[in-house]
Amino acid sequence: MRTDDALGQLLEQYLIRMGASGVGFADLRPVRDNPYPEFEYAISIMVALDPAILRDIAEKPTLAYRDEYSRVNSLLDNVALKTIDLLHEKGYKATCLLSTTRDYRPGKFLTASFSHKIAATLSGLGWIGKNDLLVTSAYGSAVRLNTVFTDAPVPVGQPVTVSMCGACEACVKACPAAAPRGRLWQAGLEREEILDIRSCYLKARELSCELGIDEILCGFCMAACPWTRRYITNS
């Protein structure tokens, strides 16, 4: 597999200038459920949430958190689309799944056609925590993701295949729905073995209704993660 290091550097610099907090490149050939099998590579785009807003998530989500969530989703979509334009200019094909998609699989509860966390772990950006969120050493779980699929031969990162959560159960204890099962992630583990997604969704919907918002948000497990706490404290 011959890759283009110069193209990788160009894309990374471009994405960071556009507002990305981190960028990774992944080889998608091992992925069984690639929605675009004609594209063997993925660009994983990560944007960190504002730590000042996360400090206020104590007992329930806030309107400021909802606004930040929407802002970051919009930024991710804009950056992904501009990245596709850049790749097209370079003579490559590319597409993406927008971060705000609700295109869930028929018969599957809250299961999209592709998880952005797959590209993120394959590109080396982080691992999956006991809260079933991506955890990064720089931002903890306080990130949102998007993925660009392409045939451009980007230089892929070293995949992360095991969790670094160890014995920590901060997110497990913080969840008001008792949704995290407390199991350490490893590559190939199904979501249902890590998290009771139905309980998570129903509690988040309840909290969001109390706040009077349509978006389904919670944030307790994300804010409780020690890696997230370090990001908040050091910012």
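Student: Leaving aside neighbours within four places in sequence, which residues is Y65 in contact with?

Tutor: Contact means heavy atoms within 4.5 Å. On that basis Y65 touches L49, I53, L54, I57, L217, C218, G219 and M222. This is a predicted model, where local features need pLDDT of at least 70, side-chain atom pairs count only at pLDDT 80 or more, and totals for chains, interfaces and linings use all residues. Residues are numbered from 1 along each chain as its sequence is written, and side-chain values use heavy atoms, leaving out hydrogens and water.

Student: How many residues does the largest nonpolar core have?

Tutor: In soluble globular proteins, nonpolar side chains tend to be buried together. A nonpolar core is a set of buried Ala, Val, Leu, Ile, Met, Phe, Trp, Tyr and Cys residues joined through side-chain atoms within 4.5 Å. Buried means under 20% relative accessible area, exposed over 50%, and partly exposed in between, with a 1.4 Å probe and protein chains only. Here the largest core has 56 residues, and Y65 is among those with the most contacts inside it, as are L11, I43, I45, L54 and V148. Helix α3 (residues 63-89) supplies the largest share of this core, 10 residues. A second, separate core of 10 residues includes A26, A42, L97 and A119.

Student: Is D132 buried or exposed?

Tutor: D132 is buried, at 9% relative accessible area. Its phi is positive, near 65°, in a residue other than glycine. D132 lies in the loop between β4 (127-128) and β5 (134-135); helices (H or I, at least four residues) and strands (E, at least two) are DSSP runs, numbered from the N terminus.

Student: Where is A178?

Tutor: A178 is in the loop between α5 (170-174) and α6 (197-211). A178 is exposed, with 59% relative accessibility, and has a positive phi of about 55° although it is not a glycine.
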